[in-house]
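Some labels in a structure deserve a second look. Here each one is set against its criterion.

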Amino acid sequence: QVQLVESGGGLVQPGGSLRLSCTASGRTFSNYPMGWFRQAPGKEREFVGSTRWNGGGAYPAYYASSVKGRFTISRDNDKNTVSLQMNSLKPEDTGVYYCVASSTRGLLVGLMPNTGSYDYWGQGTQVTVSS
């Protein structure tokens with residue numbers, strides 16, 4: 001049984017930083033897309049960023065415009081983990097953050113922001129940005 005377990009959420013002041021981690025178990029995702037979505041109260045779930053294998057040994061990441069330059073995704077394939085470093089946090093970053101993984105190795109970049117592109121979801125971790 002595949003499981004994704006997030007950790008690292010919490011309360012942080014505007015301008016602060018937070019790091020989320022996600023550990024996968026049940027299968028390896030070394031060459032498969034992994035990333036993050038979030039959902040604010042009363043809003044739809046939205047893409048934060050995702051990383052995929054480019055076939056050449058690199059794992060480029062792709063981000064939503066709202067977080068680009070502030071958030072960074074990294075992965076450790078040996079540990080089957082993906083992390084989200086969040087800097088310069090804003091109140092509008094508040095929400096539940098979900099770790100995701102896809103079983104489609106060659107997922108098109110254009111499809112990476114779609115919720116339907118990911119087969120596995122974590123239970124979510126709350127991030128609250130408030131003074």
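Rings of Phe, Tyr and Trp pair if their centres lie within 6.5 Å. This is a predicted model.

Q: How many aromatic pairs does a search of the whole structure find?
A: The search finds five aromatic pairs.

Q: Why is the pair of Phe 37 and Tyr 118 called edge-to-face?
A: Their ring centres are 5.4 Å apart and their planes stand at 70°. A pair needs centres within 6.5 Å, and edge-to-face needs planes over 60 degrees apart. Both conditions hold, so the pair is edge-to-face.

Q: What makes this a link between distant parts of the chain?
A: Phe 37 lies in strand 4 (residues 34–39). Tyr 118 lies in the loop between strand 9 and strand 10. The two residues are 81 residues apart. Phe 37 is buried, and so is Tyr 118.

Q: How do you know that Tyr 98 and Trp 121 form a pair, and of which kind?
A: The ring centres of Tyr 98 and Trp 121 are 6.2 Å apart, and the limit is 6.5 Å. Their planes are at 70°, so this pair is edge-to-face. Tyr 98 lies in strand 9 and Trp 121 in strand 10, so the pair ties together parts 23 residues apart in sequence.

Q: Why is Tyr 98 called buried, and why is Trp 121 called partly exposed?
A: Buried means under 20% relative accessible area, and exposed means over 50%. Tyr 98 has 12%, so it is buried. Trp 121 has 27%, which falls in between, so it is partly exposed.

Q: Which residues form one aromatic cluster?
A: The cluster consists of Phe 37, Phe 47, Tyr 98, Tyr 118 and Trp 121.

Q: What makes the charged end of Arg 45 count as sitting over the ring of Tyr 98?
A: The charged end of Arg 45 is 4.0 Å from the ring centre of Tyr 98. The distance limit is 6 Å, and the charge must also be within 35 degrees of the ring normal. Arg 45 is listed as sitting over the ring. Likewise, the charged end of Arg 27 sits over the ring of Tyr 32, 4.7 Å from its centre.

Q: How do you know that Cys 22 and Cys 99 form a disulfide?
A: Their sulfur atoms are 2.1 Å apart, and the cut-off is 2.5 Å. The pair therefore qualifies as a disulfide. A search of the whole structure finds one.

Q: Why is this disulfide called left-handed?
A: The torsion about the S-S bond of Cys 22 and Cys 99 is about -75°, so the disulfide is left-handed. The pair links strand 3, which holds Cys 22, to strand 9, which holds Cys 99.

Methods:
Residues are numbered from 1 along each chain as its sequence is written. This is a predicted model: local features need pLDDT of at least 70, side-chain atom pairs count only at pLDDT 80 or more; totals for chains, interfaces and linings use all residues. Side-chain values use heavy atoms; hydrogens and water are left out. Helices (H or I, at least four residues) and strands (E, at least two) are DSSP runs, numbered from the N terminus. Rings of Phe, Tyr and Trp (its six-membered ring) pair if their centres lie within 6.5 Å; planes under 30 degrees apart count as stacked, over 60 as edge-to-face and the rest as tilted. Buried means under 20% relative accessible area, exposed over 50%, partly exposed in between (1.4 Å probe, protein chains only).
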